[in-house]
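This report walks through one protein model, part by part. Keep the sequence and the 3D view open as you read.

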Amino acid sequence: MGFRYGAATDRGRVREGNEDNYVSGERLFAVADGMGGYEGGEIASQIAVDELAQVEQQGPWAEPAAALEALRQAFKAANAHIRDHASHNHALKRMGTTLTAVLDSGQGMYLAHIGDSRAYLYRNGQLTQLTDDHSVVQQLVEEGRLTPEEAEHHPHRNIITRALGVDDHVEPDTRPYQPRPGDRMLLCTDGLSGMVDDGALQRVLGRVRDPQEVADELVALANAEGGVDNITVVVIDMDGAPDSVGGDTGRLSATPPPPGRTVQVEDRAMATAPQVVTPEVQEPPSPDTRARARRTRRQEYRGERRTWRRLFTVGLVLGVIALGLVGAWRFVDSRYWVGIDENTGLVTVFRGLPVEVGGVRLASVEEQTRIPRDQIPEPWVGRLEEGVAQENLEDARRYAQCTPLLGGAGLGECLQGRTGQAASTTTVAPTSAVTGVDGSAPQARPAGLTRA
Ligand code: MG
């Protein structure tokens, strides 16, 4: 098989540098579109084409399968080389490249491809895309969720799903191609296919005879359309091959591999959506993935709701408990009672309740009289030791100072508030208690109580 070819690469009208590369040899042709920043992309695509160029030195091959294997291994070697290079330079860690190659084994040709650069076949006036873009929009097109026309304007059209340099494991799509005389193959980066539609490509390929002129014209056409990306074109004309070879229809993905050999052929729908490669390489969301993601989001949402409900319930319970404790404390704190202080043996007004809860005494000394235990009539001592509840502090004070009269004639008067009078006139013990040691005059408000 003899070839005539033409090749052209151009920076385009927007990019500052050219990250594309290509190979055009005797039996090997390829285009590579680097990514990962200007420097990284240029290096990655250069490594890829350099690695690939070595394949040509290995031929010709006795068995076509050996040529295919050499092509596959060149892709893997390029991938490893790019990753190794990136691992030693932080600035290049995101670099990668597409690579679309065609190799003549001597007994037929093979295509190998990864990324969204393309191979087209122009045969009998018809243009057929031989490669499937490894891109998000291409997957959406294959899933029937986007039309090729919608894909052209899709916001994710620039995201490719496979490239060299991205993952340790790489496996290019490969397929056989049996050339016919008069076949014209076009390899290009997305700087061409993203700018020029298939109809225009077909017209140029059918009109211009010289392959180099074809390449130059296609580059010019892409630039005329805006030239937003680097543009690389390789055009290969097949001649000299017997017409009986092949018999394929041009839809090479449907061509069965030669007998006795296993060739990875993917028979997927062709798409014509132009792509623009960016440094971003992501796995596209498949319907399964999206469904899983939706399920996960729903589960997370429910989990969050459950958590919030639990937190709310716990908060509510704690709030109720706190309110209960506050209420209980306020209740306890508003109670007064009269008893005998164990420490001093004096009649004392206590605040709280005359009980202990869990070893905690719910009472504190509010005021203390100077009335000792032995001034309390004997039958009432036990009662006072248990504590006698009173309605309020005023009552408690009055009761405390009247305790020496418990069971006696003057108690009623004393408790009815005529304490001062009673104390100063008839009641000896309370008087002495309420007037204090200094013998000051008795008061309407009982005296003789000291703040604890
Ligand atoms: Mg590009």
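## Ground rules

Two strands pair if DSSP finds at least two bridges between them. Helices (H or I, at least four residues) and strands (E, at least two) are DSSP runs, numbered from the N terminus.

This is a predicted model, in which local features need pLDDT of at least 70, side-chain atom pairs count only at pLDDT 80 or more, and totals for chains, interfaces and linings use all residues. Residues are numbered from 1 along each chain as its sequence is written, and side-chain values use heavy atoms, with hydrogens and water left out.

## Strand 7 and its partners

Start with strand 7, residues 118–123. It pairs with strand 8 (residues 126–129) in the antiparallel sense, over four bridges. In this pairing, R123 stands opposite Q126 of strand 8. The two strands form a hairpin with two residues between them. There, N124 takes a positive phi near 50°.

Strand 7 also pairs with strand 10, again in the antiparallel sense, over five bridges. Here A119 faces L187 of strand 10.

Is strand 7 enclosed or open? Six of its six residues are buried, so the rest of the structure largely encloses it. Buried means under 20% relative accessible area, exposed means over 50%, and partly exposed lies in between (1.4 Å probe, protein chains only). Both faces of strand 7 are covered. On one side sit R118, Y120 and Y122. On the other sit A119, L121 and R123.

## Helix 7

Helix 7 runs over residues 211–224. The expected span of a helix is 1.5 Å times one less than its number of residues. For the 14 residues of helix 7 that gives 20 Å, and the end C-alpha atoms are 20 Å apart, which agrees.

What happens at the two ends? At the start, a side-chain oxygen of D210 comes to within 3.1 Å of the backbone nitrogen of Q212. This is a polar contact: a pair of N or O atoms within 3.5 Å, where within protein one must be able to donate a hydrogen and the other to accept it, and residues adjacent in sequence count only if both atoms are side-chain atoms. After the helix comes G226, with a positive phi near 135°.

The buried residues of helix 7 are P211, V214, A215, L218, V219, A222 and N223. Their cover includes strand 1 (2–10), strand 10 (184–188), helix 5 (190–193), helix 6 (198–207) and strand 11 (231–239).

D33 lies in strand 3 (residues 28–35), and D229 in the loop between helix 7 and strand 11, so the pair ties together parts 196 residues apart in sequence. D33 is buried, at 2% relative accessible area. D229 is buried too, at 1%.

## The disulfide

A disulfide is counted as a pair of cysteine sulfur atoms within 2.5 Å. By this rule there is one. It joins C402 to C414, with 1.8 Å from S to S. The angle about the S-S bond is -85°, so the link is left-handed.

C402 lies in helix 10 (residues 393–402) and C414 in helix 11 (residues 411–415), so the pair ties together parts twelve residues apart in sequence. C402 is buried at 0% relative accessibility, and C414 is buried at 1%.

Key
Contact = heavy atoms within 4.5 Å.
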